[in-house]
Amino acid sequence: MRRRLLLLAAAAALGAVAFSGDRFWLQFLGKAMIGSILAMSLDLLVGFTGLVSLAHSAFFGLAAYLLAGLTNRFDLVNPVVTLPLCVAFAAACALVIGWLSLRATGVYFIMVTLAFTQMLFYLFNDSPALGGSDGLYVKTRPIEGRAAAYVAIWAAVVLVYLLLSRLLRAPYGRVLEGIRGNDQRMRSLGYPTRRYKLVAFVIAGALAGLAGYLDATLYGFVNPAQLGWRQSGLILVTVLLGGRGTLYGPALGALLLAFIEHYGERVTDHWNALIAALVIAVVLFLPRGLAGLVQGTPRA
Amino acid sequence: MPEALLQTGALTRRFGALAAVDGVSLAFAEGRVHAVIGPNGAGKSTFLNLLSGELRATGGLIHFRGADVTRATPDRLSRMGVGRTYQTANLFPELSCGDCVWLAAQSRLPSSMLFFRPAERYAQVGVRAARALEWCGLAERGRAIAGQLSYGEQRQLEIAMMLATEPSLLLLDEPLAGLGHDEALRIVELLRRVARGRTVVLVEHDMDAVFSISDSVTVLVDGRVLATGSPSEIRASPAVREAYLGEEIP
C-alpha cells in the first residue's frame, strides 16, 4: 500500500513537471526517468532472473545510433516509423548477443556480455563513418520540443512499469523466479530455461533500446561513451542501490542517483566518491536496497 | 511380464578412465517398482542421472516408450513424463512450498511463455498443485518457506513437486537418505501410495525399505549389473551377499 502511494505520488509529481516548461528540470528529470527505464529493464535480468548482464548499455546505444542514422541519412524522422525500428533493432541485437552469451553461465556470462559491449564501443569509437569518439548529432529530432519529449519519456516509464509488473505476475514471471532460485531444477521440471532467459534478455534489450531512443530524442546527440561498459556498470549500480528484485526500487533509485549527482557536483568535484560510499553502505546494510526501506511484498 | 516402459542397452558413462556405468542393459516394466542397489560408488546415482538426462551417456542406448532418448535433455524428458527426486535437497529455498509445487504444476502447460494474465488465473495449475501438496501431506504447509522445512518435509515437498508434473516414470534417488526412523517410515508409506499404478526406478540404501516396496531388484557393482531378480531371489543370492551385503555365508 505504502509502495503504491509512493509510486503514484512520484508519477503524478513527475507528470506535473511537464507543465512547468522549465528547460533545466525537463531535461534533468527526463534524463533521470530514462535511467529508471534502464534500471527497471536491467532488473528484469539481474533481480528477477539472476542474470548479471553488462551489455545493457549496448542496446541503449545501438538504438540511439540507429535513430541518428535514420534521421541523418534517410530523413526518416516520424516516431511512428523510427521508434518501432529502433526498438526492434535493439531487440534483434539482444537476440544475437543473448543467444551467444547464454551459452556461458555465471561469471563467464558476465564476461561475455562485457566483451560484446567493449567490441561495440570500439566499433563506434574508432569508425569515422559512425561519428568516431565525437558521436553524432540527430539532425531532426522525432519529437520536437522539450516538453513533448518529456511527456513521451514520462509515458514510457509508466508503460514500462505496468508492462513489467504484469509480466512478472504472469506464468512467465514465475518461471524467471524459479530460474533465479534453481536453474537446474527448473530444467528437470520440464522448462527449457535457456529459451526463457533469452526471451528475458530480448525484452530487457528492447526496453534499453527504447531508453536509448528517448535519450537521443531528448538530447539530439549520441556518443560512444553511452554504450561503453561504464554505462552498463552505472545501471547495475542503480539496480543494486534501488533494490534488485523489485521494479519500484530501481526506478526510484535512478531518480535518487540523478539528484545525488546533480547536487553532489555543487559540493565537490569528487561526487563519484559520494555515490561509491552510498553504494557500499547500501550493499552492506541494506541488502534489499533502498526498496528494503519501503515495506512491500517480496513479489513485485 | 508386462511391457518395458524404459529400457537401457549397454548403457555406459565414462569419466576419464573410470567407467562409472559400464554396459548396463536393463528393462523396467510398466507399473512396477524396480530398485537399483549396490555399494557406494557402484554407479547408481550416475545411472539415474543418465536416465533423467542430467548426464550424457558415452555409450549405449536409452529407450523410453519406444523412443530413443539417449541424447534427450532433462526438460524434454520431463515433458515426456519422466519425473525425479534428488538425494540432497534440491528445491527453491526462497520460495514457499505452494510456489515450488506451483512451478512444477505450471510446467505442464503447453508453454509458460505467457506474459499477460496473472498466473493465479490458470486454475488448472492451482488444482494440480494443491492435489500434489495434499497427497504428500503438505496441504497445511503451503505458505512455509521451502528452505526452512524439516528434512523429512523437504523430502515430501520433493515428491509433491515430482507428482505435480504428472509423470509416468518416477526416478527416486535415495528418498530415505539422512532421515530418522519415524520420518523414513512416513516416506516409505508415501512412496508405497505414490508407486501404485506408476513405474518407479528406486535407488536406495535402506534394504528393509527396498525389499518391502520393490517388485524387482538389480544389484550394481563397479558400474556393472551383478544380478537382477525378485527381492527374495536377490536376498538369497550368495553372489550378492558376498559382493554387496558383505555378510558371511552361513
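Into which domains is chain B divided? In this predicted model, domain 1 of chain B covers 1–81 + 170–187 + 199–250, while domain 2 of chain B covers 88–166. Taken over C-alpha atoms, the centres of domain 1 of chain B and domain 2 of chain B are 27 Å apart.

Let's look at how these two domains meet. On the domain 1 side of chain B, 13 residues are in contact with twelve residues of domain 2 of chain B. Between them, domain 1 and domain 2 of chain B bury about 950 Å², with 50% of this on carbon and sulfur atoms. Three residues stand out on the domain 1 side: B:Arg79, B:Arg186 and B:Ile187 supply 39% of the area that domain 1 of chain B buries against domain 2 of chain B, more than any other three residues. As for specific interactions, there are six residue pairs in polar contact between the two domains of chain B, counting pairs with both residues at pLDDT 80 or more, and zero salt bridges.

Which elements of domain 1 of chain B give two or more residues to the side that touches domain 2 of chain B? They are H2, strand E7 (169–173) and helix H6 (181–195) of chain B. H6(B) gives the most to that side, with three residues.

Now step out to the meeting of the two chains. The contact draws 34 residues from chain B and 27 residues from chain A. The area buried between chain B and chain A is about 2,600 Å², and carbon and sulfur atoms give 57% of it. In chain B, the residues that lose the most area to chain A are B:Phe92, B:Met113 and B:Phe115, together 22% of what that side buries.

Three salt bridges are counted between chain B and chain A. B:Asp99 forms a salt bridge with A:Arg174, and their closest N and O atoms are 3.5 Å apart. Between chain B and chain A there are also 24 residue pairs in polar contact, both residues being at pLDDT 80 or more. Helix H2 (74–80), helix H3 (97–106) and helix H5 (151–164) of chain B are the elements that give two or more residues to the side of chain B that touches chain A. H3(B) gives the most to this side, with five residues. The residues of chain B on this side divide into 17 nonpolar, seven polar and ten charged.

For a closer look from the chain A side, find A:Arg185 in helix H7 (residues 171–188) of chain A. Is A:Arg185 buried or exposed? A:Arg185 counts as buried because its relative accessible area is 0%, and the cut-off for buried is under 20%. Its neighbours in chain B include B:Phe92, one of the residues that lose the most area to chain A. A:Arg185 also touches B:Arg84, B:Tyr86, B:Asn90, B:Glu158 and B:Met161. With B:Glu158, the side chain of A:Arg185 makes a polar contact to the side chain, at 3.0 Å.

Finish in chain B at B:Gly147, found in the loop between helix H4 (123–135) and H5. B:Gly147 is partly exposed, with a relative accessible area of 43%. Leaving out residues up to four places away in sequence, B:Gly147 touches B:Pro93 and B:Gln154. B:Gly147 and B:Ser96 lie 51 residues apart in sequence and 8.4 Å apart in space, C-alpha to C-alpha.

Notes:
Residues numbered from 1 in each chain as written. Chains lettered and ligands numbered in written order. Predicted model: local features only at pLDDT ≥ 70, side-chain atom pairs only at ≥ 80, totals over all residues. Heavy atoms only, no water. Contact = heavy atoms within 4.5 Å. Buried area = accessible area lost by both parts, 1.4 Å probe. Salt bridge = Lys/Arg side-chain N within 4 Å of Asp/Glu carboxyl O. Polar contact = N/O pair within 3.5 Å; in protein donor to acceptor, adjacent residues only side chain to side chain. Helix = DSSP H or I, 4+ residues; strand = E, 2+ residues; numbered from the N terminus. Nonpolar A, V, L, I, M, F, W, Y, C, P; charged D, E, K, R; others polar. Domains from an automatic or database assignment. Buried < 20%, exposed > 50% of the residue type's maximum accessible area, 1.4 Å probe, protein only.
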